[in-house]
Amino acid sequence: MSKQKLSDLAKKRGIYAAVLVGAFVVVAVVMVMLTKNAGKTNDKNPIDLNESPLNLSQQDDMNKNSTYADENLQTPDSANEINQNDSNRIADQDFAETQTDTTPVAEGTPEPTEEKVDVAETKENGKTEEAQQETTKPVMQPTADNLTFNKEDGLSWPIKGNIILPYCVDKTTYYATLKQYMTNPGILIASEVGTEVKASAKGIVTNITNDARTGNTLTMDIGSGFKLVYGQLDENLKYKVGDTIEAGAVVGKVSKATKYFVVEGSHLFFQVYEGDATVDPMTLLKAE
C-alpha cells in the first residue's frame with residue numbers, strides 16, 4: 001500500500017475516534033444534568049426521617065377523609081345550610097343551659113329575680129314536706145303512759161272462787177304439794193279448768209311467758225306504775241304483747257295446775273305490782 005493511502009486511512013480513523021469521543025462527552029453531560037435536576041426535585045419535599053410512622057399514617061388518613069376528596073362532596077349551598085343548622089342548634093343549647101326558669105312571662109311583667117324564685121321554691125317544698133308528714137304521720141297507739149289507775153277505784157275480781165293460798169311475803173304459808181312452808185307473792189283463787197278469766201282493769205300486754213311454777217302467764221300494765229299478773233292460763237290466748245285489753249274483757253281461761261300445785265288443784269294465780277314491789281291484791285280488789 002502506498003504512503004498516500006495509509007495517510008488517508010489514518011485521517012479517517014482519527015475522524016471516527018473524535019466523533020465517538022464527542023458522543024460520549026455529550027451523553028456524560030446529559031446524565032450529569034439529569035442527576036442535578038432530580039436532586040433539586042427531592043430537596044423540595046424532604047422527608048423527616050425522625051417522623052414516626054404514626055404521623056405519616058395520620059396524614060394519609062386525613063388526606064383520604066378530606067371533604068374535598070369525598071365522593072359526596074358538599075356543594076357550597078348545602079355546606080352553608082348545614083353550618084347554619086349547626087349554629088342554630090348550638091345557640092339553642094347555650095340558651096337552654098343559661099335559663100333557670102322556663103316559665104313564660106307575660107309581656108310587660110318584670111323578670112323575677114333569683115331570690116324570689118328561691119323563696120317560691122322554698123315555700124313550695126315546705127308545703128310538700130308538710131303534706132308528706134301529714135300522710136306519713138303514724139297512728140297513735142295506746143301506751144302505758146296514757147293509762148291511769150286510781151287505787152281508790154280498786155280492781156274488779158278476775159274470777160270468782162275461794163282463796164286457797166293467801167298473799168304473804170313477810171311470813172310463810174304451807175304448800176301442800178311441796179310439803180313445805182314458803183312465801184307467796186300473790187294469791188291463788190280456786191276455779192275449774194276452762195273458767196274464763198277477766199281483766200281487772202284496762203291495760204296493755206307487756207309480757208307472755210310459760211313459767212314452770214305458774215304455767216302460761218300474762219302480764220299487763222294498767223298505768224300509774226301498776227301491773228297485773230295472771231298465771232295458770234291455758235295456751236289459747238288471743239292476745240299478744242302490745243295489745244290493749246279492756247276492763248272486764250276475757251284474758252284467757254284457767255288451765256290444769258302445774259306439778260307444783262297438784263294437791264291444791266286448778267286455780268288462777270293473781271299478782272299485783274306497784275313499781276318493782278308486789279302488793280296484796282286483797283287490798284285493791286273491790287268487795288262484791
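A nonpolar core is a set of buried Ala, Val, Leu, Ile, Met, Phe, Trp, Tyr and Cys residues joined through side-chain atoms within 4.5 Å. Buried means under 20% relative accessible area, exposed means over 50%, and partly exposed is in between, with a 1.4 Å probe and protein chains only. Keep both in mind. We will come back to cores.

First, what we are looking at. This is a predicted model, where local features need pLDDT of at least 70, side-chain atom pairs count only at pLDDT 80 or more, and totals for chains, interfaces and linings use all residues. Residues are numbered from 1 along each chain as its sequence is written, and side-chain values use heavy atoms, with hydrogens and water left out.

Now confidence. pLDDT is the predictor's confidence in each residue, from 0 to 100. The chain averages 75, and 59% of the residues score at least 70. Residues 46-83 fall below 50, and this stretch has seven contacts in the model beyond near neighbours in sequence. A contact means heavy atoms within 4.5 Å. Residues 98-106 are also below 50, and there the number of such contacts is zero.

Next, the overall picture. The chain has four helices and twelve strands. These are DSSP runs, numbered from the N terminus: helices are H or I with at least four residues, strands are E with at least two. Of the 288 residues, 23% are buried. Take the contacts with a separation of 6 or more: 64% of them join residues 24 or more positions apart. The chain exposes about 21300 Å², and carbon and sulfur atoms supply 53% of that. Areas come from the Shrake-Rupley method with a 1.4 Å probe; for residues, only the protein chains shown count as cover.

On to strand pairing. Two strands pair if DSSP finds at least two bridges between them. Look at strand S6, residues 203-211. Seven bridges join S6 to strand S7, residues 215-223, and the two run antiparallel. Asn207 has Thr219 as its bridge partner in S7. A hairpin of three residues links S6 to S7. S6 also runs antiparallel to strand S9, residues 244-245, with two bridges. There, Gly203 is partnered by Ile245.

Back to the cores. The largest one has 28 residues, and Leu155, Leu218, Tyr230 and Phe270 touch the most other members. Which elements give two or more residues to this core? They are strand S4 (187-190), S7, S8 and strand S11 (267-274). S8 supplies the largest share, four residues. A second, separate core has seven residues, including Tyr175, Val229, Phe261 and Phe269.

Leu233 is found in strand S8, residues 226-233. Is Leu233 buried or exposed? Leu233 counts as buried because its relative accessibility is 2%. Beyond four places in sequence, Leu233 touches Val197, Asn216, Leu218, Val251, Gly252, Lys253, Ser255 and Leu268. Val193 is 40 residues away along the chain, yet the two C-alpha atoms are separated by 9.1 Å.

Then Ala257. Ala257 lies in the loop between strand S10 (250-253) and S11. Ala257 has a relative accessible area of 17%, so it is buried. Which residues does Ala257 touch, not counting those up to four places away in sequence? They are Gln232, Gly265, Ser266 and His267. Gln232 is 25 residues away along the chain, with 6.3 Å between its C-alpha atom and that of Ala257.
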